[in-house]
Amino acid sequence: MPYWSQITDNLYVGNIFAITDKTLFETFKITHVISLVPNGPLKRLYPHVNIIEHFFEDIETVNIIEHGEELYPMMNNIISLGGKILVHCNAGKSRSVGIVIYYLINKYNMKPSEAYEFVKKYKSEIALNSGFEKQLLSL
């Protein structure tokens, strides 16, 4: 399984190992990382990359919509200015995918099921926890 997947020209999703993939950062010119897990060494690996730490747990009771609402304006601004974002969490299957789905729903006016299928087209391993899935599908 690859550590990361390209979802759009400027948006990538991955797991914790994606942050060690120099090819991703050098070839695709990642400018920002939204890290949904605490990871101090990332700043030392890529001093030229803007790191946004936004930790939340991967449990059903967490409100992923609130986190999406908080991150969406920032993501939209970065991408509109030509930046490239890697959104990552531990496994790269639930939190990061949920935030990317939220972004697509809001940016492109997609139905939740369309956004889910769009991400799945580029990233076959998706495992949203049941709480995140229920919340996103209710949008």
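Analyst: F118 and Y122 are four residues apart in helix α5 (residues 112–122), so about one helical turn separates them. The model discussed here is a predicted one.

User: Which kind of aromatic pair do the rings of F118 and Y122 form?
Analyst: The ring centres of F118 and Y122 are 5.3 Å apart, and their planes stand at 65°. Planes over 60 degrees apart count as edge-to-face. The pair of F118 and Y122 is therefore edge-to-face.

User: How is Y122 classed by its relative accessible area?
Analyst: The relative accessible area of Y122 is 39%. Buried would require a value under 20%, and exposed a value over 50%. Y122 is therefore partly exposed.

User: How many aromatic pairs does the structure hold, and which kind is the pair of Y72 and Y103?
Analyst: The structure holds seven aromatic pairs. In the pair of Y72 and Y103, the ring centres are 5.5 Å apart and the planes meet at 40°. Planes under 30 degrees apart count as stacked and those over 60 as edge-to-face.

User: How many residues apart in sequence are the parts that the pair of Y72 and Y103 ties together?
Analyst: Y72 lies in helix α3, whereas Y103 lies in helix α4. Both Y72 and Y103 are buried. The pair therefore ties together parts whose separation in sequence is 31 residues.

User: Is the crossing of α3 and α4 left-handed or right-handed, and which residues of α4 make the contact?
Analyst: Helix α3 passes α4 in a right-handed crossing. On the α3 side, the contact includes Y72, M75 and I79. The residues of this contact divide into nine nonpolar, five polar and three charged. On the α4 side, the contact is made by R95, G98, I99, Y102, Y103, N106 and K107.

User: How many nonpolar residues are there in the contact of α4 with α5?
Analyst: Helices α4 and α5 pack at an angle of about 125°, with their axes 9 Å apart. This angle makes α4 oblique to α5. The contact is made by V97, V100, I101, L104 and I105 of α4 together with P112, A115, Y116, F118 and V119 of α5. Among the residues of this contact none is polar and none is charged, and the number of nonpolar residues is ten.

User: Is N10 buried or exposed?
Analyst: N10 lies in the loop between β1 (4–8) and β2 (11–14). Leaving aside residues up to four places away in sequence, N10 touches I79, G82, G83, K84 and I85. The relative accessibility of N10 is 17%, and a value under 20% means buried. N10 therefore counts as buried.

User: How far apart in space are N50 and I30, C-alpha to C-alpha?
Analyst: N50 has its place in strand β4 (residues 50–53). Residues up to four places away in sequence aside, N50 touches T31, H32 and V33. N50 and I30 are 20 residues apart in sequence, and their C-alpha to C-alpha distance is 9.1 Å.

Methods:
Residues are numbered from 1 along each chain as its sequence is written. This is a predicted model: local features need pLDDT of at least 70, side-chain atom pairs count only at pLDDT 80 or more; totals for chains, interfaces and linings use all residues. Side-chain values use heavy atoms; hydrogens and water are left out. A crossing is left-handed if the near helix is turned anticlockwise from the far one by less than a right angle, and right-handed if clockwise. Helices (H or I, at least four residues) and strands (E, at least two) are DSSP runs, numbered from the N terminus. Contact means heavy atoms within 4.5 Å. Ala, Val, Leu, Ile, Met, Phe, Trp, Tyr, Cys and Pro count as nonpolar, Asp, Glu, Lys and Arg as charged, and the others, Gly among them, as polar. Buried means under 20% relative accessible area, exposed over 50%, partly exposed in between (1.4 Å probe, protein chains only). Rings of Phe, Tyr and Trp (its six-membered ring) pair if their centres lie within 6.5 Å; planes under 30 degrees apart count as stacked, over 60 as edge-to-face and the rest as tilted. Axes are lines fitted to C-alpha atoms, for helices over the stretch in contact, and angles run from 0 to 180 degrees between N-to-C directions. Angles under 35 degrees count as roughly parallel, over 145 as roughly antiparallel, 65 to 115 as roughly perpendicular and the rest as oblique.
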